[in-house]
Amino acid sequence: MIVGGMRRLGVLAIAGILACAGCGGTTTSALHGGTAIAAVDAGARDRDLGPADAAERIRFSVDLRMPGAAQLEAAAARIADPSSPDYRHFLTADDIGARFGLPESAIDGVVATLERAGVTVVTRYRQRTALLVEGPARSVGRLFGVVIHDRLDPAGRPYHGVVGEVTVPPQLAASVTTIRGLTNRLRPAPATTAADLRRAAGARLPLNATDLPAGGLKPSDVLTAYDIATLRDAGIDGDGQTIAVVSFDTYRDADVTAFDRAFGITTPLPERVSVGEPVQPGEGAVEVDLDVQVIRSIAPKARILNFEANQQTGFGAILDAIVSDGRANIVSISWGACEAPQITREMASEEPSFRRAAEARGITIFVASGDNGAYCSRREDPANSTVNVSWPATSPSVVSVGGTLLSMRTDRTYLTEAGWEDPLTGGGTGGGLSAVNERPTWQTGAGVETDASNGMRQVPDVAGPADPDSGFVIFTTEGGETTPSATIVGGTSAAAPFWAASTALAAQLAARNGNGRGLGFLGPTLYQIANGPDAAAFHDVTRGGNLRHRATPGWDFATGLGSPDVAVLARALAGQASP
Amino acid sequence: MTAGGLALPTRRPRGDQAARGGGRGLGGTFGTIVLLVIFAAIAWSYFTQAKPGQPSCPNPGQPCVAPPRQPTGAPPLHLGTVWQSSELGFGLEYSPRAWQAGEQDGRGIRLDMSPQAISAMGFSAGQAIVVVRGVPASEATPQQLVSQEVDLLRQTVPDIEADTRPGREILGPEIGYQPGIGNVYVGTTDGAAGGAVPVSAAILSASDGRLSTLFVLVVVDPGAGTPQGDLEDAARTLGDSLVNAVSWPGAT
């Protein structure tokens, strides 16, 4: 059943190419008094193909002004304040829209203006934060006073961008704050690292006189090593919890079914939620397989909503869709693009979607910190050793998840972990300082303040198994094949859903305790736990690193606060949930 | 015991090396099982106290954290072959399917990538060798070990020089998670059929103040490969598992 040879290497090579696109231009236009100034939206080595075909469909987001933005911020602060009567009284998308958004009549006016210009509304989010819209290139260009051009990035992949300054019509200026997506050059890359090559060669991937079960981490190994089994034995299996997976690809039912059959999982398959056009399985399908199957390993009864979109859809649009959908309060993101310098504006425009989801809706978003150690730029250009970190893991509204190599005892219980770093190939857990996001006030505690600290966001926050030497067994259909087979995949892409699923168990335990409202955004809470009497909820990782920073006692740039003892963490979180 | 001797590989039977990590006492296993059963019973009792809608914590709204799970005492899991320096105490675990033990002494070991491994990865040519050795720190610093190794390699790779191409540097060099120094060197050697064959060598060294260790990965004909990748990529991937599997004396 085990696939081997060079096929996985081929996948890795493709992933590297995909990653290249993330270093390119931006899609943001910032409004100033009704006029939008187009950001730089093309890379220096891109090729302009001239004006797009007039009928080419352009999909983008129109961010709506929120008259009650200040009140929303205050409400979010009360929701996050344990001393407030509003603590963890999370808002629904409808609440947010009705209390803080534009009146429906004003949005109707925006829609009418867009439709008169030939632009149709694809999605009208219930929280009234944005509209996902689409129209022919010529109409869109006329509406905003630009010409939409087709371009190729250095990897030869097509995208579209704008020539000229975006000007918003006066009738929209009072209601619209930002246009996102007129350029769709940014393509996030998955943070997966496969271990097939090592296994094909018969390498048994040892660490410091320890090793892993042949064939990678199976669900039973993960449950035992991270103290999840005791929860599962008590019936804590994710039942009643909903996890949204952000995917720029999709999975094949057969892959998940094969995994379920192999490990005795009988719960319904994940639900696909398309953001835009339906997505067909592509080169990133293994990423989606990994996300979904890791979650099912840990929390098999959790409902999984796979929010899938093509790679040119912005994160913000997908987060808006998740908030509007309203079912999930845990999100796993295993995709990202390197931060500086190209996509800072893109990130700035997407941040409000993350913040609203995290604060007001009480959603915790776990994001993979990347697989190139402290040198994210190497993912996009192997010759570029610039210190860089991966976004959206650097958002202060998410929990950034780094990676480790797990070592176990012969009974599969936890022995030790090391920050994942592979010096010969340059692989490793992403971590470092954000260049664009400031450090949130809640990121404090032992180890956080270092000589490198400069007031900017420090990542990761936590860690989980990611080194492909302690990779997860999943089932996927390799390129050129028609049936799924077992493979081993690691990367911080595995660690993010690992945390999402573990948190779902904690939320279920809290609900069993009568605290069913949800846990809310866990960033601050995790730091409180790690620096309080419940610190044993974390395995503090003190070996290894990320090719630049060492894992040290307390928080560090390689593994953050560490990996969880899930049972202890769940009880800590459940105990802290408000009744 | 240097990669510089790559033209003259010596192979020895692995003998009892493979068995070294294997045997465990029945008593220990039984004790582990007993402990697990007791722990599971306690855990089950703890969690099953909670019924839906009923708090499992003594004081709802307050932290109710049980002590973390205690280590079971079971031994570390070993599935590879454990080699240990009889003279200096550091060790290495490797897969006998991927690597064949070659020349070794009390201070180091040479591993050759097995032909089966090379074939399994789809390559039809090339060779990869790893040398791991140590010296008391009083005998050599990491920098001196690297210099000595380059000099030795020069005997078979006369034009060896540091590879200064962008992207070829080793970021975060370490051995067994002990930070150190490292670089990639390239050159050519005489091929068996005549003509020059390219060689690359990744050389890393680290010290804990008592012991200095050296890790060398030499790839002969590193560009050999398939459209999907070359032997050097593959050897480095496998080498990462080895470099992280070096254990220092006294380490966990």
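In this predicted model, A:Phe521 is a buried residue, with a relative accessible area of 15%. A:Phe521 forms an edge-to-face aromatic pair with A:Trp442, the ring centres lying 5.7 Å apart and the planes at 75°. Because A:Trp442 lies in the loop between strand E23 (432–438) and strand E24 (456–459) of chain A, while A:Phe521 lies in the loop between H15 and helix H16 (523–530) of chain A, the pair ties together parts that are 79 residues apart in sequence. A:Trp442 is likewise buried, at a relative accessible area of 16%.

Over all chains, the structure holds 15 aromatic pairs. In another of them, the rings of A:Phe248 and A:Phe315 have centres 5.1 Å apart and planes at 85°, so this pair is edge-to-face. The pair links distant parts of the chain, 67 residues apart, with A:Phe248 in the loop between strand E12 (242–247) and helix H10 (253–263) of chain A, and A:Phe315 in helix H12 (residues 315–325) of chain A. A:Phe248 is buried at 3% relative accessible area, and A:Phe315 is buried at 2%.

From the ring pairs we turn to the nonpolar cores. The largest nonpolar core has 71 residues, and those with the most contacts inside it include A:Trp499, A:Phe498 and A:Tyr226. Helix H15 (residues 492–512) of chain A supplies the largest share of this core, 13 residues. Leaving aside residues up to four places away in sequence, A:Trp499 touches several residues, among them A:Phe366, A:Val401, A:Leu526 and A:Phe538. A second, separate core of 38 residues includes B:Phe90, B:Trp99, B:Met121 and B:Val219.

Key: Residues numbered from 1 in each chain as written. Chains lettered and ligands numbered in written order. Predicted model: local features only at pLDDT ≥ 70, side-chain atom pairs only at ≥ 80, totals over all residues. Heavy atoms only, no water. Core = buried A, V, L, I, M, F, W, Y, C linked by side-chain atoms within 4.5 Å. Buried < 20%, exposed > 50% of the residue type's maximum accessible area, 1.4 Å probe, protein only. Helix = DSSP H or I, 4+ residues; strand = E, 2+ residues; numbered from the N terminus. Contact = heavy atoms within 4.5 Å. Phe/Tyr/Trp six-rings, centres within 6.5 Å; stacked < 30°, edge-to-face > 60°.
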